Amino acid sequence: VFTVDEAGTLSRAFSFTGAAGSKRGAHPIAPLAQANDGTFYGLTQYSELKPNLSFNSLGFLYELSEIGAMSTLVDFSENGARSPSSALFLASNGKYYATTKSGGDSNDGALIEFDSATQTTTTIASFAADITGSQPGGPLLSTADGWLYGFTIAGGDGFGTVYRFHISSLQFECLVRFTGPNGIRPGIPFI
């Protein structure tokens, strides 16, 4: 994680090493989400380096202070949502949302909610390959009426989907199923 000041000077705020300990983790997902108090929240795709030099793909949610002090808030586990695939997004209700490419009821990915007041995450929606798609990715888009929009790179008719989720009603639905002729595996953020 780095900063650039107005003069263009690059400074390192924090480095992930992948090793166990205070600098564990690898592949942080950009961008960081900034709270009103200046605290930053972020996700990593991987937790730590295994003895065989491969990374586990569980990931974790961390907090980074303005001075670069990092602390792990939530470790994702084999039994739940894991392997974050989108950055945290601060919604109008004051909670943060992101997706994971694994976990959920069908192990096709999950939509998670992070409450910074309690420092807990909750799986609020589970992807199902044949219904809402699988392997969600990319940033979420929010609308003023409480909808979060996103895409998956698999599932649906095999080529991904566009979905939406309402943060109040918890309505979760597939809007578009990619079939090949109308597109394949979306990967560019919404505009």
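A residue is called buried here when its relative accessible area is under 20%. By that cut-off, both Phe60 and Tyr62 are buried in this predicted model.

Across the whole structure, a search turns up 11 aromatic pairs. Phe60 and Tyr62 make one of them, an edge-to-face pair with 6.2 Å from centre to centre and 70° between the planes.

Next come the charged contacts, with three salt bridges in the count. Lys95 and Glu113 meet through their side chains, at 3.9 Å from N to O. What about cover at the two ends? Lys95 counts as partly exposed because its relative accessibility is 26%, whereas Glu113, with a relative accessible area of 15%, is buried.

A second salt bridge pairs Asp157 with Arg177, whose closest N and O atoms are 3.2 Å apart. Here, too, distant parts of the chain are linked: Asp157 is in the loop between β13 (147-154) and β14 (161-166), and Arg177 is in strand β15 (residues 172-177), 20 residues apart. Asp157 is partly exposed at 41% relative accessibility, and Arg177 is partly exposed with a relative accessible area of 30%.

Arg164 turns up in two contacts. Its side chain meets that of Glu173 in a salt bridge, 2.4 Å from N to O, and its charged end sits over the ring of Trp147, 3.7 Å from the ring centre. Glu173 has 22% relative accessibility and therefore counts as partly exposed.

Finally, the surface. Which residues make the nonpolar patch of about 350 Å²? Phe2, Val4 and Leu10 do. Leu10 is found in strand β2 (residues 10-12), and it counts as exposed because its relative accessibility is 58%.

Note on methods
Residues are numbered from 1 along each chain as its sequence is written. This is a predicted model: local features need pLDDT of at least 70, side-chain atom pairs count only at pLDDT 80 or more; totals for chains, interfaces and linings use all residues. Side-chain values use heavy atoms; hydrogens and water are left out. Rings of Phe, Tyr and Trp (its six-membered ring) pair if their centres lie within 6.5 Å; planes under 30 degrees apart count as stacked, over 60 as edge-to-face and the rest as tilted. Buried means under 20% relative accessible area, exposed over 50%, partly exposed in between (1.4 Å probe, protein chains only). A charge sits over a ring if NZ of Lys or CZ of Arg is within 6 Å of the ring centre and within 35 degrees of the ring normal. Patches are made of residues with over 30% relative accessible area and no salt bridge: like charges are joined within 9 Å, nonpolar side chains (Val, Leu, Ile, Met, Phe, Trp, Tyr) within 5 Å. Accessible areas come from the Shrake-Rupley method with a 1.4 Å probe; for residues, only the protein chains shown count as cover. A salt bridge is a side-chain nitrogen of Lys or Arg within 4 Å of a carboxyl oxygen of Asp or Glu. Helices (H or I, at least four residues) and strands (E, at least two) are DSSP runs, numbered from the N terminus.
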